[in-house]
Amino acid sequence: MGVKGGERTRRICIVMLAAFLIVAILPTSNVFAANSGYGTDSLLFGKTLGFNSWTTDKLTDGSDETGEIIYGRVNSYTPKYGFPTTSDLPRVAQAYIRADAAVNTALGVRITFADDTVVDYSVTVSSTGIQDYFIPIPSTKRVKSVIFWAEPFTPVYEVDLKGILDPDTTPPAAPTGLTGVSGDTKVTLNWNANSESDLDHYVVYVDGVAKATVRTNRATITDLVNGKEYAFRVTAVDTSGNESAKSAEIKKTPVGPPPPDTTPPGVPTLNGKPGKKQAVLDWTKPGDADLAGYYLYQDGTKINTLSATNTVVNGLENGKQYKFQVSAFDTSGNESAKSNTVTVTPADRIDVVLIPNGDSIVVQITGGSPPYHIDWGAAQKTISDTQYVIANLSYGTDYTVTITDAGGLTYTQTVNTGTEKGFIPPTFPNPQEMFQRLLDVFGTAGTIGMAIIGGALALGILVVLARWAWILLKGWLAKSR
């Protein structure tokens, strides 16, 4: 047992000594490295050259092996990642070798393609020193493996590959939600923005022809013909130049501005009532859709611009006549003809007659401006007529009646209802009010006079004709006897 154990120990020591000698000799023995046929750079054993991160930039292993010198043939390199199909294999466009080459040294790569064809690509070095060498690979076929080589006895510092990106042939989605608004010789388009990360721009088609390129989801197409219908569609284009299908089509017709509005609104009808040092006015509203407001005229002079259909003119002189008119204007500034003329004479009192009638009081108003508010203590009432009967009162009882018109004029009187009902005299229009009504109808006093004269003449002619007829009738009766 002891002999056997010593023998085993001796053998182990010999193996360790041999390993030490090999490690000590390799870094300094060029002849050994050359004869071995393979380099000792750990880059080429178990490390990938970047096939897992295929980009358009130069692929590296992540470190610079300057200072790690290898000689002769460089080890074969096969992608370490499990590409499931041949179409997933990478494609090589350029080999990169950093080497300290001697004169007339050849550097190259041997590529095995996916179809198992093998091709050598090389470059002849004509100068010494550390240089970067690029070997183009004029093929777009996919690659199974690559062998880098440098002969004879050329120190190589770095080996890398440059790949080809598979071309992007997938177009963006067709834009959606296309809408348009017509304008003067133009149409403004909007659509939903695409969500692709590689989206570059949109193309607007007018009647099937590309008209504009824009980078936002909005475009205004100009130089169109008003009144002509156009068909619009939009496509999306990515950074690889792939163009989507066209969007749904919309049709729009540019339109010019409308002709200027020169039609005035309808003419309002004016009503007026006197108040204390004021005129209470209101008028009808024309039915025009573009109605904007009204102008108020006093004695032929414009005094106000209004939006409502009523107003109160204050600061007038009681007992003096004022003539008012109103006109309407629209949003284009067209003014209607002036309304009828209303003459208003402000007053400082209300003319009221209160007639007791047993269980009621008859109210007769001959002045002021309606509506009238009547308050008799027990109740209240607002009326627009000039006569009202306060009913259901107590016989022989005093009631204080207060009447207020629209202009703020007030009349107050205490009346006893009496013990029995009496005769209620009829009311006649106030002469001044009657004359005012005639003015409102005929316009001027001269017109009223002409109407009276014309009426008198017509009445006289009728009387003469009636007299002649009577005379003829009497004569005929006498002869018939």
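Predicted model: local features only at pLDDT ≥ 70, side-chain atom pairs only at ≥ 80, totals over all residues.
Q: Over how many bridges do S27 and S28 pair?
A: Two strands count as paired if DSSP finds at least two bridges between them. S27 and S28 run in the antiparallel sense, and their bridges number 7.

Q: What is the average twist in the open sheet that holds S25, S24, S27 and S28?
A: The order here is S25-S24-S27-S28, with antiparallel pairing. S25 (380-383) and S28 (410-416) are the edge strands, each pairing on one side only. Angles run from 0 to 180 degrees between the N-to-C directions of axes, which are lines fitted to C-alpha atoms. From one strand to the next, the twist averages 20°.

Q: And what is the average twist in the sheet ordered S11-S10-S13-S14?
A: This open sheet of 4 strands is also antiparallel, with S11 (209-214) and S14 (250-252) at its edges. Strand S13 (residues 230-238) is joined to S14 by 3 bridges, and Phe232 stands opposite Ile250 there. The twist averages 35°.

Q: Which residue's side chain makes a polar contact with that of Gln364?
A: Gln364 lies in strand S23 (residues 361-365). With a relative accessible area of 8%, Gln364 is buried (under 20%, using a 1.4 Å probe and protein chains only). A polar contact pairs N or O atoms within 3.5 Å, one able to donate a hydrogen and the other to accept it; neighbours in sequence count only through side-chain atoms. At 3.4 Å, the partner is Gln387.

Q: How many residues make up the largest nonpolar core?
A: Such a core joins buried Ala, Val, Leu, Ile, Met, Phe, Trp, Tyr and Cys residues through side-chain atoms within 4.5 Å. Among the members touching the most others are Leu354, Ile361 and Val401, and S22 (352-356), S23, S24 (372-375) and S27 each give two or more residues. Leaving aside residues up to four places away in sequence, Leu354 touches residues including Val363, Ile403 and Tyr411 (contact means heavy atoms within 4.5 Å). The core's residues number 17.

Key. Residues numbered from 1 in each chain as written. Heavy atoms only, no water. Buried < 20%, exposed > 50% of the residue type's maximum accessible area, 1.4 Å probe, protein only.
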